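Here's a quick walk through a two-part model, one spot at a time. Have a look at the structure, then read on.

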Amino acid sequence: MARTLTAGARGSRGGIRSGEAKFGWLFISPAIIIIGLFLVVPILLALYVSFSNWNGLGSPIGNSKVIGTGNYEKVLIDDGLSKSDFGTSIRNNLYYVLLVVPLQTTLALFLAVQVNRRVLKGRGLFRTAFYFPSVTSSIAITSIFLFLFTASGAVNSVLQWFGVNGPNWFNDPSGVIHNLLAGAGVTSAPAALAGEGPLGISWWEWLSGPSVAMSTLIILAVFTTSGTFMLLFIAALQNISGEIDEAAVMDGAGGLRKFFSVTLPMLTPTLFTVLTLGLIGSWQLFDQVALTGGGAPGKTVLTPAYLAYDTSFTELKWGQGAAISFILFVIIVALTLFQRYVLRDRDVGKKAERNRIRRDAEIHASAARATYQEGLK
Amino acid sequence: MMKKTWVAATLAIGLAASLAGCSAGNGGDSTGGQKLTVMIGSSGDAETAAVEAATAAWAADNDATVEVVVASDLNQQLSQGFAGDAAPDLFYMGWDQFQTYASNGYLDPYADNLPNKDGFYPTLTDTFSYDGTFTCAPKDFSTLGLIINTDSWAAAGLTDADVPTDWDSLETVAKTLTTDTQVGLSFGLEYARAGAFMNQAGGHLVSDDGTTVDADSAENIAGLEYIQKLHTDGVLKFPTELDAGWSGEALGAGKAAMVIEGPWIKGIAADFPDTNYAAYELPAGPGGQSTFSFTNCWGIPQNSDTADAATSLVEFLTSDDQQLKAAAAFGVIPSTESAAATYAETYPENASFVASADYAVSPVNFAGSASAMTDFNSKLEGLIGGDPKAILESLQTSLQATLDEANAK
């Protein structure tokens, strides 16, 4: 505000910078108008729809009225399919995120370190090969995976060589953890877990693990996105100058020690970017779900993003669909903030404060020693 | 610099293309009442060409222009059209979405005033009635039948006398037809097939007065248990177990000797021209004969400026003459009883589908039922090795809740 006032005051004096603010606004107005029209207004409208009874007939403005938090209650509180579907979709996506984000980050980092090694021949070829899945359309890759993972597809044929009878991947709704428990003889919910858990599905359901079908999508996601993030890590790795590596070697650090104590800390900003992008991207899983049959098998591939689409476009419950979108938005923002907190810069905060005090004390002490020794001479 | 130009050009082209895509999806403006946009979900080029020819014939007679838009995702494009106040003047409306659309006030109930409204099959008129008002005119329909691979049939030493008429004989022939490489019977494990067995066992989902759900009845359980039994005996396998996208593919590839599908089965001729098959009525269960009918109607949006012109077009399209032309072009069964009778004579191989229309019922489709039925379908995937009673009890709860909600509206 103060800035604007000074600019205005200057303008009125008619100096060489007169009208600067005016032109500033003029130059950024295309961006503001475009962002406002295509981003801010639709988001606000969607927020309104999530509190309204709009049924998709005509514009939401004038054809609907505010009904309070009814849409949110349907999804979060009222018993029924809306709530249990949402709970199921959250469970599915949670397992997806829990597996995809760490796996794709680790794999991307591993690949980046490998193709960044100077001794590796044909680095360009490997970089291109690893990056290739990322530039291919997700629909095309999903289609290929659908063929690879059919009951008698390539994957199961290979497994057959090792005497393993592969599952019917994309059609198997059984949860991975449930299957492991079944191996240990537990096939139905123990009494402690049979009760209803959050969002209308039982604790036993929450603990099912990703279904076999979902696991296939997890493999797919790790396969396609690792290349993208590998590129980010390569860029960051190339920013680490050779001297630092050499200094670490001179100090006697081995390969692993150098990676974990020197390289990885210097990659933290990139790591943050990759984790954030991965987290947001994996909570918005949609294409693969739409292509593999809208949540089939057994709703174990249903995600909140697809549920929002289906609720709006098929059931014409636009308010409820918008409500799901905003709940998803809150989840993503909350998790991103949490992750930011975990990965926060250690140079600030309590621990950093202690480090600074100790460092200062050491400097003072050595200065005092130096003065003392000087005095002795 | 070169790169930047490239990026800019790509962006510009992409933007232009997406804008063009939007305007096509909006169905265009409908000024003057004589320029109509018809949106269809087409099964292929044959259907598109037939609809284009029929609408062009009407347009020529009525000094109008008709543009046929083939939707790639009909539901989504209709939703966008209605939300943008730019719904097409006439469109295909599926039986499954009809009640949801009607209850939200999307549809003009023009069909009650059609001169030929009494010519339609009563079951179709029922399907497309909302709140007791016949709303939109059915354009055609199909029923489920038992499709038998005649070569496998003969190879197993079976004759016309062996065609199954009840559950026991179905089980017997399925056993006879099952070999190492071929399963006797196959159909997709979903409500649209399993529901027919539940009805054959004498069950139903919604009571006649439309207020109570009877999903967990003993009859419905018996229907599902019969499917379980066939599967346990190894004479029934689902298309997913046979590496087929749908049971028609399993039939064509020789992996299944009998499947339960509708007249659209003739679509397999493109991929499997050498497969010979014949269609029969579904065998009766303990509760008698039953099958499902699936149908589309011609929807006209509420408060449309072009409703009169569109109604006249529907009258033309649902006339016996035009329906028989459509039947010849892409194989659907006419929705009027008189045209269907002619159809059954012209295409004796499809006569059984027409005969089934006498007792066919429409699958449950009241407003909001879709989510409950989707849930039922997903639970059905656990039928093998599962508990039919638990599956139906879960359906009972969810369907009754949605029914109460729909009735309260």
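## A helix pair in chain B

H15(B) and H16(B) run roughly antiparallel to each other, because that label goes to angles over 145 degrees, with under 35 being roughly parallel, 65 to 115 roughly perpendicular and the rest oblique. Their angle is about 170° and their axes sit 9 Å apart, with H15(B) spanning residues 369-380 and H16(B) residues 388-408. Axes here are lines fitted to C-alpha atoms, for helices over the stretch in contact, and angles go from 0 to 180 degrees between N-to-C directions. Helices are DSSP runs (H or I, at least four residues), numbered from the N terminus.

On the H15(B) side the contact includes Met373(B), Phe376(B) and Lys379(B), and on the H16(B) side it includes Ile391(B), Leu395(B) and Leu399(B). Contact just means heavy atoms within 4.5 Å. By class, you get seven nonpolar, five polar and two charged residues. Ala, Val, Leu, Ile, Met, Phe, Trp, Tyr, Cys and Pro count as nonpolar, Asp, Glu, Lys and Arg as charged, and the others, Gly among them, as polar.

## How to read the numbers

This is a predicted model, where local features need pLDDT of at least 70 and side-chain atom pairs pLDDT 80 or more, while totals for chains, interfaces and linings use all residues. Residues are numbered from 1 along each chain as its sequence is written, chains are lettered from A in the order written, and side-chain values use heavy atoms, leaving out hydrogens and water.

## A helix pair in chain A

Over in chain A, H6(A) (residues 123-135) packs on H12(A) (residues 212-239) at about 130°, axes 6 Å apart. That makes H6(A) and H12(A) oblique to each other. Among the residues making this contact are Phe130(A) and Tyr131(A) of H6(A), plus Gly227(A) and Leu231(A) of H12(A). The tally is seven nonpolar, five polar and one charged.

## Two residues in chain A

Gln288(A) belongs to helix H16 of chain A, residues 287-291. Is Gln288(A) buried or exposed? Gln288(A) counts as buried because its relative accessibility is 10%, and buried means under 20% (1.4 Å probe, protein chains only). Beyond four places in sequence, Gln288(A) contacts Ser138(A), Thr142(A), Leu217(A) and Leu220(A).

Ile331(A) sits in helix H18 of chain A, residues 318-342. Leaving out residues up to four places away, Ile331(A) touches Ile90(A) and Trp283(A).

## Where the chains meet

At the interface, 26 residues of chain A contact 25 residues of chain B.

Terms used
Buried means under 20% relative accessible area, exposed over 50%, partly exposed in between (1.4 Å probe, protein chains only).
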